[in-house]
Amino acid sequence: MTLPNRQEKAEVVRAMFARIAARYDLMNRLMTFGQDRVWQREVVRRAAVAPVGRLLDIGCGTGGIAKTAGKDPTLRITAADFTLEMLRQGRATPPERGLAWCCADALALPFAADTFDAVTSGYLLRNVAAIDRALTEQVRVAKPGARIVCLDTAPPQGHMMRPLVNLHMHRVIPWLGGLVSGDAYAYRYLPQSTRAFKTPVELARLMRAAGLVDVVFQRRMFNTVTIIYGTVPGAVSGDFERVGKQARME
């Protein structure tokens, strides 16, 4: 299949996620063998939001990360996505109490600068038309010292299980997606877009270019999933210290 170009991508992705919203959570459980919930908890832990803090989960989908963070009742959480059907599905699935749901474009966030104590995302960057702009927007709305934590897929590289991983991604997932969601295209897009996506090292460079420091990434699920995070620099002489440090892997 041919992936959409940059101009087409936003509407193609929006329409695709609208079609699969009702089965999105179930497919994530099946594709990841239940590990997606473990990764969501890790994203929240890495966000390290203090009590009474504000967290933005952008590209929230049905709100998995936001709802996980919401287990701390002191946090003020905004769950934002540009696909209304995903937001509706998230609101219809408990627990939704305590979350503020918002329809928003990751490339033009409708929030003031220095608003949030942390920004999280799950599988957002692979689906946006401009990764650099999405990261710049997250840095803009985050307070100095805030963590930005991204969970996303990664091109499978350098693992002894790679043949089985490729079989799972390019044969099992499309077949299962067609069976469960009725939309085989969406689950052919997933492995194709994963293969074309940035490596963790490349993503780390983009995060540093957006102004983040102390960038760290961790690989999961036979190197096909990445959790990557960095920190918005603290205020220095009334401005941000834009000093990029080398990314490291834990």
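How much space lies in the largest cavity?

Analyst: The largest cavity holds about 150 Å³ of space. The model is predicted, so to speak of local features a pLDDT of at least 70 is needed, side-chain atom pairs count only at pLDDT 80 or more, and totals for chains, interfaces and linings use all residues. Residues are numbered from 1 along each chain as its sequence is written, and side-chain values use heavy atoms, with hydrogens and water left out.

The structure holds 1 cavity of 30 Å³ or more. A cavity is a set of points on a 1 Å grid over the protein atoms alone where a 1.4 Å probe fits but cannot get out, and lining residues have an atom within 4 Å of a point. Points are joined across faces, edges and corners, and the volume is the space filled by probe spheres set on them.

The lining of the largest cavity consists of 16 residues, and Y24, Q40, C60, G64 and Y123 lie nearest the centre. Two or more lining residues come from each of α2 (24–32), α3 (35–47) and α4 (64–69); α2 gives the most, with 4 residues. Helices are DSSP runs of H or I with at least four residues, strands are E runs of at least two, and both are numbered from the N terminus. By class, the lining has 5 nonpolar, 7 polar and 4 charged residues. Here Ala, Val, Leu, Ile, Met, Phe, Trp, Tyr, Cys and Pro are nonpolar, Asp, Glu, Lys and Arg are charged, and the others, including Gly, are polar.

Y24 also takes part in ring packing. Rings of Phe, Tyr and Trp (its six-membered ring) pair if their centres lie within 6.5 Å; planes under 30 degrees apart are stacked, over 60 edge-to-face, the rest tilted. This rule gives 2 aromatic pairs. F17 and Y24 form an edge-to-face pair, because their ring planes stand at 70°, with centres 6.0 Å apart. The relative accessible area is 16% for F111 and 0% for F116, and so both are buried.

T120 lies in strand β4 (residues 116–122) and is buried at 0%. The T120 side chain makes a polar contact of 2.9 Å with the side chain of D57. Polar contacts are N or O pairs within 3.5 Å; within protein, one atom must be able to donate a hydrogen and the other to accept it, and residues adjacent in sequence count only if both atoms are side-chain atoms.

Methods:
Buried < 20%, exposed > 50% of the residue type's maximum accessible area, 1.4 Å probe, protein only. 1 Å grid on protein atoms, 1.4 Å probe; cavity = no way out; pocket = protein on both sides within 12 Å on 5 of 7 lines; lining within 4 Å.
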